[in-house]
Amino acid sequence: IYILVVTPEKIQEAKEVYREHFQDDVFNETGWTYILEKYNGHLPIEIKAVPEGSVIPRGNVLFTVESTDPECYWLTNWVETILVQTWYPVTVATNSREQKKILAKYLLETSGNLERLEYKLHDFGYRGVSSQETAGIGASAHLVNFKGTDTVAGIGVIKKYYGTKDPVPGFSVPAAEHSTITAWGKDHEKDAFEHIIKQFPNVPVSIVSDSYDIYNACEKIWGEDLRSLIESRSADAPLVVRPDSGNPLDTVLKVLEILGKKFIPKENSKGYKVLPPYIRVIQGDGVDINTLQEIVEGMKQHRWSIENIAFGSGGALLQKLTRDLLNCSFKCSYVVTNGLGVNVFKDPVADPNKRSKKGRLSLHRRQNGDYVTLEEGKGDLEEYGVDLLHTVFQNGKIVKTYTFDEVRDNAKLKESELEELH
């Protein structure tokens, strides 16, 4: 998206800004003018990368950047800042996928199948991120693993830059939020609930139920006053009760307990309780990878199937992440000086973990399936098979793209992973 094309206007503007910023003429006007004149402003670099959606263990090379013109040796470092920002979608997608593994494990254990797994973690993060661009990129990364989202900016990004076989890559349902309940006044919470569920009789509808007293809402309003309305709904159009405050695990268990007394659950083939198909729960407050684990484990211990619940995650899914979480970095590893190739690396004495890889890098897969990054150009020997890094950008042109369906296919949970979870 952002690999720019140089223009005379951009060169002049940058020259002026740099002079003021550095109080000196440090701007490389000669270098940029060379790129403008020789390459019509396109950057003479080659980027190789793993196929998008690939699941690669930490510590391996994910992409490399090389200058294709010796005159532009300086260009690889210049693009570092903007390219290393790929840490963000990489981290969102990784965190999202790890939560998918947790949900898959407990769904299998408590139901025996993975039905609706891809709708179990819904993106609530739009308002919690730092920009519209962040919303689009982060939501796209989550949609690699799931199909539920309220961050519609991601749908636009995917349709524009990837494309899917489906009209849209993500879905949602009609849902109340607090003002659509509280605007009716405290004494009319039941009327608000009734109005909304009648408005949407044929699709799932999510109704936030903690504006005043979540437990009273579950026991009295849903469980008594509006019970017959709920019981008349179909499995394809359940009421989804949404608590939104309190300790997540305690609240979920208490809500399930109350609803289970009013809407009698059945026992599934695994011996876990399942509410009638016309009523479900979504926990969308305080959900991150740790609380998610706590909630599904608590439900399992209390013999509730994960079929009963979906989760929504906002800030923790799209914003409460940093580049340090997965230690993403971009380092110089190889230079050519006077025709001589030199392997470059750093190795800080105070932190061995910050030692960087040296030389030209390639990514390979051993016969046992493990990934290995070969350093110092040793991948040329091909004893480990072909390099898994493919050229995706060369001299201003994107030469390799992926559909979003291909990305999803690369990222799907493998049979071996499911066997380990089970």
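Predicted model: local features only at pLDDT ≥ 70, side-chain atom pairs only at ≥ 80, totals over all residues.

User: OK, where does serine 206 sit?

Analyst: Serine 206 is in strand β4, which covers residues 205-208.

User: Is that serine 206 buried or exposed?

Analyst: Buried: its relative accessibility is 7%, and the cut-off for buried is under 20%.

User: And which residues is serine 206 in contact with, leaving aside neighbours within four places in sequence?

Analyst: There's a run of Val173, Pro174, Ala175 and Ala176, and then Val240, Arg242 and Ile282.

User: Switching topic. How do helices α1 and α2 pack?

Analyst: α1 (residues 8-22) and α2 (residues 29-39) pack at about 170°, and their axes are 10 Å apart. Angles over 145 degrees count as roughly antiparallel, so that's what α1 and α2 are.

User: Which residues meet there, between α1 and α2?

Analyst: From α1 you have Pro8, Ile11 and Lys15; from α2, Glu29, Trp32, Thr33 and Leu36. By type, the contact of α1 with α2 has 4 nonpolar residues, 1 polar and 2 charged.

User: What's going on with phi at asparagine 40?

Analyst: Asparagine 40 isn't a glycine, yet its phi is positive, about 55°. For context, most residues other than glycine have a negative phi. Asparagine 40 is in the loop between α2 and β1 (45-49), and at 58% relative accessibility it counts as exposed.

User: What about asparagine 395, where is that one and what's its phi?

Analyst: Asparagine 395 has a positive phi too, about 50°. You'll find asparagine 395 in the loop between β14 (390-394) and β15 (397-398). With a relative accessible area of 31%, asparagine 395 is partly exposed.

User: Now α5. How many residues does it have, and how far does it reach?

Analyst: α5 (residues 87-111) has 25 residues and spans 35 Å from first C-alpha to last, close to the expected 36 Å. Of those 25 residues, 19 are buried, so α5 is largely enclosed by the rest of the structure.

User: What follows α5?

Analyst: Glycine 112, with a positive phi near 85°.

User: Last one: which residues does UniProt list for the domain?

Analyst: The unreviewed UniProt entry lists residues 119-396 as "domain: Nicotinate/nicotinamide phosphoribosyltransferase". In the model, that span is 31% helix and 17% strand, and its end C-alpha atoms lie 38 Å apart.

Note on methods. Residues numbered from 1 in each chain as written. Heavy atoms only, no water. UniProt positions renumbered as here; feature names shortened; annotations may be inferred. Helix = DSSP H or I, 4+ residues; strand = E, 2+ residues; numbered from the N terminus. Expected span 1.5 Å × (residues − 1). Buried < 20%, exposed > 50% of the residue type's maximum accessible area, 1.4 Å probe, protein only. Contact = heavy atoms within 4.5 Å. Axes fitted to C-alpha atoms, helices over the stretch in contact; angles between N-to-C directions. Parallel < 35°, antiparallel > 145°, perpendicular 65-115°, else oblique. Nonpolar A, V, L, I, M, F, W, Y, C, P; charged D, E, K, R; others polar.
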